[in-house]
Amino acid sequence: MAQKGIAVAGSRILVMGLAFKDNCPDVRNTRVVDIVTELASYKARIEVYDPWVNPEESRHEYGIAPVAEPKPAHYDAIVIAVGHRQFADMGSSKIHALGKPNDVLYDVKHLLPAHRVVHGSESTGAQQPAHLLVEDVDQQRLAINLQQRLRRQGLGRAHARTPV
C-alpha cells in the first residue's frame, strides 16, 4: 500500500471471507478475526464480506457485521482471506472492480492464478509480479505482523497484487 502512496490509517479495506475454512459457514475458531483486528488497530476502515457466514452469528461471536455485498470501486485494499468458490468464480477482474483504480489485492489464499494477478510497469509497460514494499516504519510493522500472523495460521504468504 505504501508503494502506491496509500496510507493504512483511514484506508478502506475489504476482507473477503470470515469463515473458518473454504466453502463453509462455520466461524468458530476462524483466524481471519486476527487479520481484521490487526488492520483495525492501524485505524483502517474494514468491511468483511462472506456469502457463507450467518451475519448474526459473526456479530454475536466477534462483533463483526459482514456487508451483504461489497461496494464497487470503493476499497483501497482487498484481502482474500478465505478461498470460497464464489471468490474464485469472480476472478481477478471482478475482484479488482471492487477496488479503487490504484487498489492493492492481497491474495492470501493464492486463489487467483498468478498470471492474472500482476501489474504493469507504468514506464515500460512490462508485466512483473507485485511485491509488498513498505517505506514507513508503522506500515512495515503492520506488514511484518500481518505476515507473521498469516504464517502462524497456515495461510501462507501475503502478496500485494495489483491488476493487469
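Is phenylalanine 87 buried or exposed, and what is its relative accessible area? Phenylalanine 87 is buried, with a relative accessible area of 0%; here buried means under 20% relative accessible area, exposed over 50% and partly exposed in between, with a 1.4 Å probe and protein chains only. The model is predicted, so local features need pLDDT of at least 70 and side-chain atom pairs count only at pLDDT 80 or more, while totals for chains, interfaces and linings use all residues. Residues are numbered from 1 along each chain as its sequence is written, and side-chain values use heavy atoms, with hydrogens and water left out.

The secondary structure of the protein chain comprises four helices and seven strands. Helices (H or I, at least four residues) and strands (E, at least two) are DSSP runs numbered from the N terminus. From that terminus on, the order of elements is β-α-β-α-β-α-β-β-β-α-β. Of the 164 residues in the protein chain, 46% are buried. Contact denotes heavy atoms within 4.5 Å; among contacts between residues at least 6 apart in sequence, 76% join residues at least 24 apart.

Strand 1 and strand 2 pair in the parallel sense over five bridges, where pairing requires that DSSP finds at least two bridges between two strands. Valine 15 has valine 48 in strand 2 as its bridge partner. Between these strands the chain passes through helix 1, and the resulting β-α-β crossover is right-handed, in that the path from the first strand over the helix to the second runs clockwise with the strands pointing away from the viewer.

A nonpolar core is a set of buried Ala, Val, Leu, Ile, Met, Phe, Trp, Tyr and Cys residues joined through side-chain atoms within 4.5 Å. The largest such core has 26 residues, of which Met1, Ile13, Val15, Leu18 and Val79 touch the most other members. Two or more residues each are given to this core by strand 1 (12-16), helix 1 (32-41), strand 3 (75-80) and strand 4 (99-107). Helix 1 supplies the largest share, five residues. Another core, apart from the largest one, has 11 residues, including Met16, Tyr49, Leu98 and Leu112. Beyond residues up to four places away in sequence, valine 79 touches Ile13, Leu14, Val15, Met16, Leu39, Tyr106 and Val108.

The count of aromatic pairs is one, for rings of Phe, Tyr and Trp (its six-membered ring) with centres within 6.5 Å; planes under 30 degrees apart count as stacked, over 60 as edge-to-face and the rest as tilted. The ring centres of tyrosine 49 and phenylalanine 87 lie 5.9 Å apart with planes at 45 degrees, so the pair is tilted. Tyrosine 49 belongs to strand 2 and phenylalanine 87 to helix 3 (residues 85-96), and the two are 38 residues apart. Tyrosine 49 is also buried, at a relative accessible area of 9%.

Serine 58 is located in helix 2 (residues 55-62) and is buried at 0% relative accessibility. A polar atom of its side chain lies 2.9 Å from the backbone oxygen of isoleucine 64. Leaving aside neighbours within four places in sequence, serine 58 is in contact with Leu18, Gly63, Ile64 and Pro66.

Positive phi also occurs in loop residues. Lysine 43, which is not a glycine, has a positive phi of about 65 degrees; lysine 43 lies in the loop between helix 1 and strand 2 (45-49) and is exposed at 61% relative accessibility. Histidine 110 has a positive phi near 50 degrees. Histidine 110 sits in the loop between strand 4 and strand 5 (119-120) and is partly exposed at 41% relative accessibility.

How values were computed. A polar contact is a pair of N or O atoms within 3.5 Å; within protein, one must be able to donate a hydrogen and the other to accept it, and residues adjacent in sequence count only if both atoms are side-chain atoms.
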